Amino acid sequence: MSIDLEVDRLMAEALQASDPRVLFQAFLMLSRNAAARDLQPLVTAMAEFRDSEPFLFHVLTGVALRRAGNPAAVTHLETALALFQDQRLYGDPLALECAIFVTLTLIRPHETRTKFALYVDRLTFDPASRARLLAMIGLGDAWAGYLVRGQAEMLEARDLAIAAGRSDVQAEVTSWLIKCEALRGDLEASAAHLAEARALAARNGSEWVAGHITEGSAALHLARGDTEAWVAMLELMVAAGLGVDSGLVFEYRWELATHYALHDDPARAAALMRGVPAAPVHLPGGAAMAAWRSWIENPSDVPAMHEFEAVLPALTQPAERLPRARMSWLLGAAHGRAGRRAPAVRLLEAACAGYASIGAGGMLAQASADLLAVTGRRVAPPPQPFAAKPGEAALTGAEIRVAVAVADGLSNREAAEHLFVSVKTIEFHLGNIFRKLDIRNRTELARLL
């Protein structure tokens, strides 16, 4: 049965059933293939179970409201997490998936692994459900600035989704991989997953996935250094209001306005910012957004630039590691073009260090080019966590996943269970990993991560 027919069947059954779990299963599938407005019938239907299934009610309502940009979403989402904790729902696979989903929707990506990964490893799931859970944990890792780990988890999730024949889950995680791999500097892999995600989204008719494809495509253009294409994608994203679910909706607009302001089009920059409310300080990068806006309004004002730089140390949350590096890069490059060498070097070095610390080789390559223009010296590329020794092929996707699992401290048997392979397969991959990386044991492997 095609995904479209399966969704239609589940939707019809859910709306007629008196079982809130059936209703919620339909929501989980539909959420990967629908826009916010399409979720409303399920929200209305779930209201009947507000008292009997409060956890599911608050999850569904909160996620739907967040996608619609409704601030009332937060109350529902916070209530759902409190119920998950109070009712100790860790052993319920459906509830666990909901809790991870809610945590990401609340923009707390750093909590997905620390709070839920242990339960995911302990419970038994069908391949499709496990794919979804690993995809979300991987997304959380990447979003929180652990790109290597996030990439490995999402690649594993993609493989599981393919094995389960779930093209909707495959489409979603592949759309997330586009951006992760672009940031990492794996541009060929990013481009391949862009093409794959587009084909899958078209097959499933997914407006939700299409939005992530657009955001990933913008990251790929930026990592390639194609400014014209990147600006075109930003214009599309701002016009479509993308980024509401991730909290990046303000950052995208500020990025585009900065480009216009720095390229002698202040009227266009001002038009973008006119009537737009202040960015909420709780969003990633929010503590710096007011100062960034002041600089956009006065792009040649050095004190405004210093004020912007002065607030960057306030960006200390895991999800702010990437925007802090980006803001440092923007400021440093602007100082460099104006011939102010000292602040340019200071900020561009900070940007390069920030990108290196999270494994964002694609962004580092671009920021280091601006630093080179100021100093005349190149920035050494960040050490690749699993870089093969000279003469050896790079680690395969399967080998990366085994390396991450073993570096996390899993035994061969635990890694085999985690990755749904045999112990002999783990041993085979470990032999290749040790040879390619020129290391002798698991301790040295753990140090690389």
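Contact here means heavy atoms within 4.5 Å. The model examined is a predicted one. On that criterion, and with neighbours within four places in sequence left aside, Phe-24 is in contact with Met-46, Leu-56, Val-59, Leu-60, Leu-94 and Cys-98. Phe-24 belongs to the largest nonpolar core, which has 130 residues. Within that core, Phe-24 and Phe-55 touch the most other members. A second core is separate and holds 19 residues. Its members include Val-404, Ala-405, Ala-407 and Ile-426.

Ile-426 also lies in helix 23, where it is buried. Helix 23 covers residues 423-437. Its 15 residues should span 21 Å at 1.5 Å a residue, and the end C-alpha atoms are 21 Å apart, so expectation and model agree. Besides Ile-426, the buried residues of this helix are His-429, Leu-430, Asn-432, Ile-433, Phe-434, Lys-436 and Leu-437. In an α-helix, residues three or four places apart point the same way, because there are 3.6 residues a turn. Just after helix 23, Asp-438 adopts a positive phi of about 60°.

Helix 22, residues 412-419, packs against helix 23. The angle between them is about 105°, and the axes are 8 Å apart. Helix 22 is therefore roughly perpendicular to helix 23, since angles of 65 to 115 degrees fall in that class. On the helix 22 side, the contact is made by Asn-412, Arg-413, Ala-415, Ala-416 and Leu-419. Their partners in helix 23 are Val-423, Ile-426, Glu-427 and Leu-430. By class, this contact comprises 6 nonpolar, 1 polar and 2 charged residues. Two of the helix 23 partners, Ile-426 and Leu-430, are among the buried residues of that helix.

Two further buried sites were examined. Glu-153 sits in helix 9, residues 147-164. Its relative accessible area is 6%, so Glu-153 counts as buried, the cut-off being under 20%. With neighbours within four places in sequence excluded, Glu-153 is in contact with Arg-113, Leu-134, Gly-138, Asp-141 and His-418.

Ala-261 is placed in helix 14, residues 249-262. Ala-261 is likewise buried, because its relative accessible area of 10% is under 20%. Glu-307 lies 46 residues from Ala-261 along the chain. The C-alpha atoms of Ala-261 and Glu-307 are separated by 17 Å.

Key: Residues numbered from 1 in each chain as written. Predicted model: local features only at pLDDT ≥ 70, side-chain atom pairs only at ≥ 80, totals over all residues. Heavy atoms only, no water. Helix = DSSP H or I, 4+ residues; strand = E, 2+ residues; numbered from the N terminus. Expected span 1.5 Å × (residues − 1). Buried < 20%, exposed > 50% of the residue type's maximum accessible area, 1.4 Å probe, protein only. Axes fitted to C-alpha atoms, helices over the stretch in contact; angles between N-to-C directions. Parallel < 35°, antiparallel > 145°, perpendicular 65-115°, else oblique. Nonpolar A, V, L, I, M, F, W, Y, C, P; charged D, E, K, R; others polar. Core = buried A, V, L, I, M, F, W, Y, C linked by side-chain atoms within 4.5 Å.
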